[in-house]
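Dear colleague,

I am passing on the structure below, and my notes on what was found in it follow directly after. Please read them with the model open beside you.

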Amino acid sequence: MEQEINTYIDGTTIIEIEHLKKAFGNNVVLKDFNLTVHKGETVVVMGKSGIGKTVLIKCIIGLVKPDGGKMRVFNQDISKLNQQDLDELRTRIGFVFQNSALYDSMTVRQNLEFPLRRHRKKKIRGNLDLQVREALQNVGLENTIDLMPSELSGGMRKRIGIARSLILRPEIVLYDEPTTGLDPITSEEITHLILELQKKYDTTSIIITHDIDLARETANRIVFLMNGIAYMQGTYEELVNNEDTLIKHFFKRQAI
Ligand SMILES: Nc1ncnc2c1ncn2[C@@H]1O[C@H](COP(=O)(O)OP(=O)(O)OP(=O)(O)O)[C@@H](O)[C@H]1O
Ligand SMILES: [Mg+2]
């Protein structure tokens, strides 16, 4: 599996994070975080709850403003972009939120149309219905098109969240805990879905997860976030077999 994923990685840097800092009052979340992600790569970010994983990926799409450091995405400095350029950049990045973040008052169809209408106002939109149906087909949920989010199970909501994030065909996809709260079988299905979509659209991904199976199956590299820094990086095997006490402790605890 590892070999197969690695074949599409080339040397192009897509995300470059240097000395990233972010604090909320006295709460220093990111102290000196560094990470480079290459085209086609899947980087999994792990670390205990509340350590700053969501804050980190929100910095990448400009939803959280860092206090310091450099954040370049597609070779553009995020902190220097005006709102219009930031919006344009965001169309190239899909964000699968931790809580799916579907609009409860909209049907599945309307939820999926939303990014198309918002970002392609001035461009030729193509056939919205066709795009929505293809997105739903990708996640195996064509028959939910007229349902409300409240009528979906947690796993279905996650899938619709993924479909919505991919509808603009982003080059980067950021997944925030795509399998958390799901049973092992549904988690495995989501893992396979992520791998399939990765292959189909040749995306670069960052996946935040506590799910060891998801990490093992998708990661080219795992980054372990701790104390505001990228404490350790390596392949799944390198981290699982790592002798560092904290890493050992984390993997032992997660495997139980
Ligand atoms: N908008 C905000 N204002 C103030 N504090 C915040 C804000 N967003 C995040 N934080 C704080 O930043 C820290 C990191 O939060 P974050 O959501 O990134 O954790 P996480 O690693 O994603 O945790 P989990 O695994 O539980 O999702 C927490 O202490 C949180 O309270
Ligand atoms: Mg989080």
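How far apart are the end C-alpha atoms of helix H6 (residues 154–166), and what should its 13 residues span at 1.5 Å a residue? The end C-alpha atoms of H6 are 19 Å apart, which agrees with the 18 Å that its 13 residues should span, the expected span being 1.5 Å times one less than the number of residues.

Please keep in mind that this is a predicted model, in which local features need pLDDT of at least 70 and side-chain atom pairs count only at pLDDT 80 or more, while totals for chains, interfaces and linings use all residues. Residues are numbered from 1 along each chain as its sequence is written, and chains are lettered from A and ligands numbered from 1 in the order in which they are written. Helices (H or I, at least four residues) and strands (E, at least two) are DSSP runs, numbered from the N terminus.

To stay with H6, its buried residues (20 or more other C-beta atoms within 10 Å of their own, with C-beta atoms placed from the backbone) run from Lys 158 and Arg 159 through Ile 160, Gly 161, Ile 162, Ala 163, Arg 164 and Ser 165 to Leu 166. What covers them includes strands E6 (93–96) and E7 (172–176), together with helices H4 (108–119), H5 (128–138) and H7 (184–201).

E6 also belongs to an open sheet of 6 strands, ordered E6-E7-E8-E3-E9-E10 with mixed pairing, where two strands pair if DSSP finds at least two bridges between them. E6 and strand E10 (229–234) are its edge strands, each pairing on one side only. Within this sheet, E3 (residues 42–46) runs parallel to E8 (residues 204–208) and is joined to it by 4 bridges, with Val 43 standing opposite Ile 206 in E8.

A second open sheet has 4 strands in the order E2-E1-E4-E5, with antiparallel pairing. E2 and strand E5 (76–77) each have a single partner strand, so one side of each is left without a neighbour in the sheet. E1 (residues 13–24) and E2 pair over 8 bridges, and the bridge partner of Glu 16 in E2 is Thr 36.

Strand E2 (27–38) and helix H2 (53–60) each supply at least two residues of the shell around ligand 1, and H2 gives the largest share, 3 residues. Among the residues around ligand 1 are Phe 24, Asn 27, Val 29, Lys 53, Thr 54 and Val 55, counted as near if the C-beta atom, placed from the backbone, lies within 6 Å.

With best regards

Notes: A residue is buried if 20 or more other C-beta atoms lie within 10 Å of its own, exposed if 12 or fewer, and partly exposed in between; C-beta atoms are placed from the backbone. Two residues are in contact if their C-beta atoms, placed from the backbone, lie within 7 Å.
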